[in-house]
Amino acid sequence: MNKTVNQKAWFFVLPVVLLVAFSAIIPLMTVVNYSVQESFGENTFFWSGVQWFEEVLHSDRFHASLLRQVLFTAIILAIEVPLGLMIALAMPRKGPWVSVCLVLMALPLLIPWNVVGAMWNIMALPDIGLLGRGLNAIGFEYNYTREPFAAWFTVVFMDVWHWTSLVVLLCYAGLVSIPDAYYQAAKIDGARAWAVFRYIQLPKLKYVLTIAILLRFMDSFMVYTEVVVLTGGGPGSSTTFLSIDLVKTALGQFDLGPAAAMSLIYFLIVLLLSWLFYTLMMRNEAR
C-alpha cells in the first residue's frame, strides 16, 4: 500500500526555516565575509584571504585567552558534575521536601546572568561584601580586584553556585526514572549503597550525565556576561577568557577582520570539542 505524502506539511516548517536563516545563517555569512576582507570607512572592503586567520592563530594573546578558557572549563566540569550528582543522590525521592528541594535548586537558574554577576560583584567586595569581608576577617588576604588567584576563585565560585543546579536537576530526573524493581532486587541481594550506585544508578545515568557534561562544557566555554560584570576580565588579563577577548577585539578595538576570524575559530573549537566529548562518551557506552 502506497503511503500518501502530504507536501503541505512543509508550509508549517517554512516559518522555522526562515527564522533560523535570519537569526543564524545570515549573520554567520556576514562574519565569514568580514573574516576574509579588510574593511575601511564607508563600507570599503579589500580581499585579504586567510590573513586574519593566520594572525589570530599565531597571536600570543589568542593562545593565552584560549588557555585560560580551557582551564576554566576543566575546573568547572571537575567541580560541578560530581557535586551535582552528589546533591541529586542526597535529595529525597518522595514526600513534601521534594518540591522544596526542586524549587531551591531551580532558583539560581532563574536569575539573569548580568544580575548574577552584579550580585557576586557586591558580595565579593573586600570592604563591604559578605564573602570578601568574611574571608578577610578569618585571616585570608582576599581582594578579587587586585589578586588574580582571588579573581579566579570568585569567578569559579560564582559559576558553581549558578550552574550546579542544572546538573542536579538533570541527575535527579534520571534517578527518579529508575524503576523501583532494581532497588528491590538489590535489597534482596543485600547490596550496599556503593554497589547500588556503581551497578544500578551510575549506568542508568550515563546518558543524562552525557547531556549534563555537554551542556556545561558549551556554556562554560562560552561564558561572558557574569565574568564581565564581576571582574571585567581583570585584574590585568587574568580572567580575560576567549569570549571576552573576542568582544574586546570586535567592539573595543573595532578590528572587525581579526574578530570575525577569531569568532569562526572559536565556533569551530566549540563544535570540535563538543563532538569529541560526545563521541568518546558514546564509545564508552557501546563497550
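In this predicted model, the largest nonpolar core is made up of 41 residues, and Phe62 and Phe221 have the most contacts inside it. The top contributor is α13, with eight residues. Looking past its neighbours within four places in sequence, Phe62 touches Val56, Leu57, Leu242, Asp245, Met262, Ile265 and Ile269. Apart from this core lies another one, of 20 residues, including Phe72, Trp120, Tyr144 and Val155.

Next come the charged pairs. Side chains of opposite charge can pair when their charged atoms come close. The count of salt bridges comes to four. One of them joins Arg61 to Asp245, with the closest N and O atoms 2.5 Å apart. This pair links distant parts of the chain, since Arg61 sits in helix α3 and Asp245 in helix α12, 184 residues apart. Asp245 has a relative accessible area of 2%, so it is buried, whereas Arg61, at 37%, is partly exposed. Asp245 also turns up among the contacts of Phe62.

Another salt bridge runs between Asp159 and Arg216, where the closest N and O atoms are 2.8 Å apart. Asp159 belongs to helix α7 and Arg216 to helix α10, so this bridge ties together parts that are 57 residues apart in sequence. Asp159 is buried, at 5% relative accessibility, and Arg216 is buried too, with a relative accessible area of 1%. Arg216 also meets the side chain of Asp219 in a salt bridge, at 3.6 Å from N to O. Here both residues lie in helix α10, three residues apart, or about one turn of the helix. Asp219 is partly exposed, because its relative accessible area is 32%. Through shared partners, salt bridges join Glu80, Asp159, Arg216 and Asp219 into one network.

Thr164 is part of helix α7 and counts as buried, at 5% relative accessibility. Its side chain reaches the backbone oxygen of Val160 at 2.5 Å.

Finally, there is the surface. Trp10, Phe11, Phe12, Val13, Leu14, Val17 and Leu18 form a nonpolar patch there, with about 820 Å² of accessible area together. Val13, one of these residues, is found in helix α1 (residues 10–35) and counts as partly exposed, at 37% relative accessibility.

How values were computed: Residues numbered from 1 in each chain as written. Predicted model: local features only at pLDDT ≥ 70, side-chain atom pairs only at ≥ 80, totals over all residues. Heavy atoms only, no water. Patch = residues over 30% accessible without salt bridge, like charges linked within 9 Å, V, L, I, M, F, W, Y side chains within 5 Å. Areas by Shrake-Rupley, 256 points an atom, 1.4 Å probe, with all protein chains shown as cover. Helix = DSSP H or I, 4+ residues; strand = E, 2+ residues; numbered from the N terminus. Buried < 20%, exposed > 50% of the residue type's maximum accessible area, 1.4 Å probe, protein only. Core = buried A, V, L, I, M, F, W, Y, C linked by side-chain atoms within 4.5 Å. Contact = heavy atoms within 4.5 Å. Polar contact = N/O pair within 3.5 Å; in protein donor to acceptor, adjacent residues only side chain to side chain.
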